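Please keep the sequence and the structure in view while reading.

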Amino acid sequence: MADDTFDGGEGPAYDDDDIEFIDDLDDSYGLDDLDLIGLDFEDVADAIGLPDELPALRLPPETDLAKAARGTALPGTLARLAAWVGTGGRAVTDEGDLAGSDAAEAAREIGVEGGELPFMWEFALTSDWIRFDEEDEDDEAGPVLFDPERVVSGETADLWSSSDDEDVLEAWRATFASVLSGTFDVLGDSVAEDAEEAELDGQGIAMAIMLFLARGEGLALTDISEVMLDTATSEMEEDEAEAARQALTGGYGDPARLVTGMLASLGAVSPPEADDGAVRLTPLGLWAVREELEEIGVEVPLLPASVSEMDAGQLLLVADDAGPDEFEAEADAWVAQREPGQAARELLRVAADEGPDSRLLAVSVVTRIGAGAEPVWRENLPVPALRAYAKIALTGLAADPDRAVPAELEPLPEDLAWVATDMLVLACDDEDPDPEAVADCLGDSVPAGEETALFEMISRVSHPDAPGVLAHIGQYHPDQRIAKEARTAAHKARSLRNGS
């Protein structure tokens, strides 16, 4: 297993600034303040206040997930351990561990170092790869007793050897859950005295949920480590906390690296690469966390696995977990399954009804359709939310670019105001306000010195986000003059909508 995990020591350096999503998680969910003792998925979800529904997720078909699961390293190791234990069983100590000579033999048989065996043993016991032997009473109605002195091969080993994809995934998921908790159980039992008060329980589950919320963006391993160590020592005095942190990392290394390495050997995460330092859940990992969340009542809608089966709204959701190039390829494949006019009409219907992020995404896909979308652009000239984009697209599709733009395609002030509002909505994040981002986006929307005129146009446009955008600029723009003018325009926008 050693070749499939991360080095528990210092390892390569990762840039804390590569992935900033963790800061949003701290602000939204207060992860540093959690008491994680003995928590399961439901406890952690309740503690961080997860909503009842999370954004939709796209996963491969079950057959592909099962194929990926069969190819992972850790279940193979646990299967060898279960086979070594066998149906005849192996004797264990009063603590449920192997005796020294048997432990050495087991490590050799399954191909791990001696220091890794406690983790394999913990994973195997807690996910039923092996179990304590049962002694049935003669009376069929009598109780089933457990022999704490002997272990035998368990049900998960049988599921893993099945040809049924659902059984294999059930075995894989049971192992995933054990890694999230069992890694820290073993670590907590073996840390130095200075770290005995560190709270590691529940941290693996919290990490899994954080990675699920981050989706394709991932989280920097250094950020995960910082949150994990801070949470583990949050109840200690500063000097005690520092001693505990040093003790935690002195044995098996950074706990975040340790559990991430175990998850990588399970195929649940993609390990960090030198160019971005991010840890990401694989499709298997996303599937497992979604299953856990669905069981506790957190709904995560599932998108069709094939893009050809999606409607336009579902296609746009793919962008949440895909890079720009990947989404462009998926969108092209979606369009190719339809007549160009039909594809454009479906997308622009969503664009008119949804917010600026979906609208701009849909417009970009329809623009790529080219001339086949021209009739649909003309159909949408009367639609306020799409008029400006239709004019821009139709002007670009003109046969003779040297000819004057027809009067009906000349942008009106309200058209420009609508597009500017759409763009500014994307920069105005009330949960994580960034004054420089607001200033940069405004600078891209209007020449310096003409902000007042733009604010006036935005205040009059029927865009539902106009008052909020102006208020946000008024609160966060670093230029006090511009901020004051935005606040004045926000007040006017609200007055116009209230009829006063």
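By about how many helical turns are R481 and E485 separated in helix 24? The model under discussion is a predicted one. In it, R481 and E485 stand four residues apart in helix 24, and this spacing separates them by about one helical turn. The two residues form a salt bridge in which the closest N and O atoms are 3.2 Å apart. E485 has a relative accessible area of 23% and is partly exposed.

E451, with 7% relative accessibility, counts as buried.

Where do the partners of the salt bridge between R359 and D422 lie? The side chains of R359 and D422 meet at 2.8 Å, N to O. R359 is located in helix 17 (residues 356–369) and D422 in helix 20 (residues 413–427), so the bridge ties together parts separated by 63 residues in sequence. R359 is buried, its relative accessibility being 3%. D422 is buried as well, at 0% relative accessibility.

Elsewhere, salt bridges with shared partners join R173, R290, E291, E292, E294 and E295 into one network.

Helix 17, which holds R359, also packs against another helix. Two packed helices are described by the angle between their axes and by the distance between those axes. For helix 15 (residues 324–336) and helix 17, the axes come within 11 Å and cross at roughly 60°. The two helices are therefore oblique to each other, and helix 15 passes helix 17 in a right-handed crossing.

Which residues make this contact? On the side of helix 15 they are F327, E328, A331, D332 and V335, and these meet L361, V365, R368 and I369 of helix 17. Sorted by class, the contact comprises six nonpolar residues, three charged residues and no polar ones.

Notes
Residues numbered from 1 in each chain as written. Predicted model: local features only at pLDDT ≥ 70, side-chain atom pairs only at ≥ 80, totals over all residues. Heavy atoms only, no water. Salt bridge = Lys/Arg side-chain N within 4 Å of Asp/Glu carboxyl O. Buried < 20%, exposed > 50% of the residue type's maximum accessible area, 1.4 Å probe, protein only. Axes fitted to C-alpha atoms, helices over the stretch in contact; angles between N-to-C directions. Parallel < 35°, antiparallel > 145°, perpendicular 65-115°, else oblique. Left-handed = near helix turned anticlockwise from the far one by under 90°. Contact = heavy atoms within 4.5 Å. Nonpolar A, V, L, I, M, F, W, Y, C, P; charged D, E, K, R; others polar.
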